[in-house]
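Open the model in your viewer and get ready to click through it with me. At each stop I'll tell you what to select and what you will find there.

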Amino acid sequence: MSRAEVGPPHGVRLMTFPILVENVLQSLMAGLLVGAIYGLMCVGLALIFGIMRVINFAQGDFMMLGMYVAYFFFAALGVQPLFGSIFGPYVAAFLAAPVLFGVGYFAHQFLISRVSGTRTAQLDGEGHYAQLILTLGIALILQNASQMIFGSMVVSVRTPLSSTAWIIGPLWGDFIEIFVNKARAIAAIVSLLVIAGLALVIGGTRLGKALRASADDPTAATYIGIDVNFAHRIAFALGISITALAGGLLAPNYPFHPFVGLEYVIIMYAGVVLGGLGSIIGAFWGGMTIGIVQQMSALVLPTQLQNSAIFVFFLLIVLLRPQGLFGRVTERT
Amino acid sequence: MLEIAGISAGYSSVPVLRDVSITVAEGQFVSVVGPNGAGKSTLFRTISGILKPSAGAIRFEGNDLLALPASRRAHLGIAHVPEGRHVFPSLTVMENLELGAFTEAGRQNWKTNIDRILGLFPVLSERRRQFAGTLSGGEQQMLAIGRGLASSPKLLMLDEPSMGLAPTIADFIFDQLTEIRRQTRLTILLVEQRVAEALQTADHGYVLEAGRVVLEGDNQTLRANDRIRAAYLGM
């Protein structure tokens, strides 16, 4: 038998190439959409871990709490009857954000502030060991309390948008059509708008500059009249509420349960480190990269290996560019 | 304006300052000189509230400073330019200066102040968009002083502004300090190891050794003192 006879007949090869292109574009689109939401999640953690240098293992669990709060606003507290199933999920997500801002504010005031900020600035490791243990404890309490209160059933915010799609195409004759899930697309656009707004606040306003100064040099920030502990509290609460908002935006597409935080906290830390510590925009691109790698890897790997693909890629970046994709080496000299 | 009465302070249980009293009158230029480890920076950290004294009192324009949290003290009109500059490295030069004007007075007088600061240190104007962490040591020192001036302070506290700088740059910075004084009659409290320069420009001086004030007096008295001449001025 000659080699040529083993391959598919000529006509079949013509058919498969557009399908391959379609699959790649489809995965890329899914990656961009999920990546934008991951990016928002990572930006929340970047405020806390990247900028304030506070280790928060409970970030994913605060996000889980945000998802449940959004769920209850939607299903039980009148958002669905009032705003309908189309706008309702987004209204609910935006209502959950301020609630989690409050949760973050008080968690910082009563717990986190005892192991961070000016109190530990002079200590070895800047209080990181205590933060690790404290936030791990908070994570366990949130997980188990949620299980007691909400039960271990998987729930989701139901909207017709999550099962409908816009179709791009047909492109390239009739061969290629890309499906864009409506719920994901709207969540991605909302994420981008929120990040743009936050970048303006952090970059241009007095509050933003005060936050960055407090992160750069807490003592010097005190000398110029900034209440550093208060700045840290605002940054912590803001970081929690932004991640919670991202959780609310994910809720229509990704059913959740009390232990879902762990899956996301790993993605968040990988994204923040990938983007470069201390950079808000970097954290966004870190999250985006993870979304794209995760979705694209599904083309060649079984679904169970999607998260492994993220970490292989993560290790590669950390090996080749230890300061992260967007980290500046001169920062924090 | 600033009265420090019988301050004792230190880290953990080791006292660094023992019963130190220093007075700065309005419009005065006061220098505190002394060797390494005499407690000069500890004195400044106590005035700024980073360190709580174990005894004594500090009053600023009649206010009890020790009753106020550290972050409120800048708003009273005290600008602390710390040892080692401590500019905000990941913020631009301009953002550093803008943050200097975090106080109410600084915001109100921003226009006048920024013109004066960039006039004194033109290099900051050239580097306004650069990250402060990328500046040279001398430029960072100028930025730190500029940040202090941007708050429209009543009292400017300078901790070793010449530390680690080339002599010509240190001279330039001292010249500009004299210029600031000439323009504004700003009250200045300076801590220095460059004793000759520090005493030359000052109205009044204190010598701090091992946490105690061992000598004080006006410029002429101190420079005529045999001990000062031998130990610090090399004469």
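Start by selecting Thr222(A): it is buried, with a relative accessible area of 8% (buried means under 20% relative accessible area, exposed over 50% and partly exposed in between, with a 1.4 Å probe and protein chains only). Its place is in helix α7 (residues 218-223) of chain A; helices are DSSP runs of H or I with at least four residues, strands are runs of E with at least two, and both are numbered from the N terminus. Now show what surrounds Thr222(A). Leaving aside neighbours within four places in sequence, Thr222(A) is in contact with Val228(A), Ile50(B), Ala70(B) and Ser71(B), where contact means heavy atoms within 4.5 Å.

Before moving on, a word on what you are looking at. This is a predicted model, in which local features need pLDDT of at least 70 and side-chain atom pairs count only at pLDDT 80 or more, while totals for chains, interfaces and linings use all residues. Residues are numbered from 1 along each chain as its sequence is written, chains are lettered from A and ligands numbered from 1 in the order in which they are written, and side-chain values use heavy atoms, with hydrogens and water left out.

Next, select residues 182-204 of chain A, helix α5, together with residues 206-216, helix α6. At what angle do the axes of these two helices cross? They cross at roughly 70° and come within 5 Å; axes are lines fitted to C-alpha atoms, for helices over the stretch in contact, and angles run from 0 to 180 degrees between N-to-C directions. That makes α5(A) roughly perpendicular to α6(A) (65 to 115 degrees counts as roughly perpendicular, under 35 as roughly parallel, over 145 as roughly antiparallel and the rest as oblique).

To see the meeting place, show Val201(A), Ile202(A), Gly203(A) and Gly204(A) in α5(A), which meet residues of α6(A) including Arg206(A), Leu207(A) and Leu211(A).

Select residues 306-320 of chain A. This is helix α11, with 15 residues, and it reaches 22 Å from its first C-alpha to its last, close to the 21 Å expected at 1.5 Å a residue; the expected span is 1.5 Å times one less than the number of residues.

Which residues of α11(A) are buried? Colour Gln306(A), Ala309(A), Ile310(A), Phe314(A) and Ile317(A) to see them. They cover an arc of only 135° around the axis, which puts them on the same side of α11(A); the arc is that of the directions from the helix axis to the C-beta atoms. An α-helix has 3.6 residues a turn, so residues three or four places apart point the same way. Turn to the other side of α11(A), and you find Val312(A), Leu315(A) and Leu319(A) exposed. What covers the buried residues includes α9 (261-275) and α10 (280-297) of chain A.

**Over to chain B: helix α8**

Now select residues 167-184 of chain B. Helix α8 has 18 residues and reaches 26 Å from its first C-alpha to its last, close to the 26 Å expected. Its buried residues are Ala170(B), Ile173(B), Phe174(B), Gln176(B), Leu177(B), Ile180(B) and Arg181(B). Look down the axis of α8(B): these buried residues fall within an arc of 160°, so they line one face of the helix. The face turned away from the buried side carries the exposed residues Thr168(B) and Arg182(B). Among the elements covering the buried residues of α8(B) are β3 (29-33), α7 (137-149) and β8 (187-192) of chain B.

**A glycine inside**

Select Gly146(B), which lies in helix α7 of chain B. Is Gly146(B) buried or exposed? At 0% relative accessibility, it counts as buried. Not counting residues up to four places away in sequence, Gly146(B) touches Leu97(B) and Ile117(B).

**Last stops: two loops**

Select Glu61(B), in the loop between β4 (55-60) and β5 (63-64) of chain B. Glu61(B) is not a glycine, yet it has a positive phi of about 50°, and at 39% relative accessibility it counts as partly exposed.

Finish at His86(B), in the loop between β6 (78-81) and α3 (93-100) of chain B. His86(B) also has a positive phi of about 50° although it is not a glycine, and it is partly exposed, with a relative accessible area of 34%.
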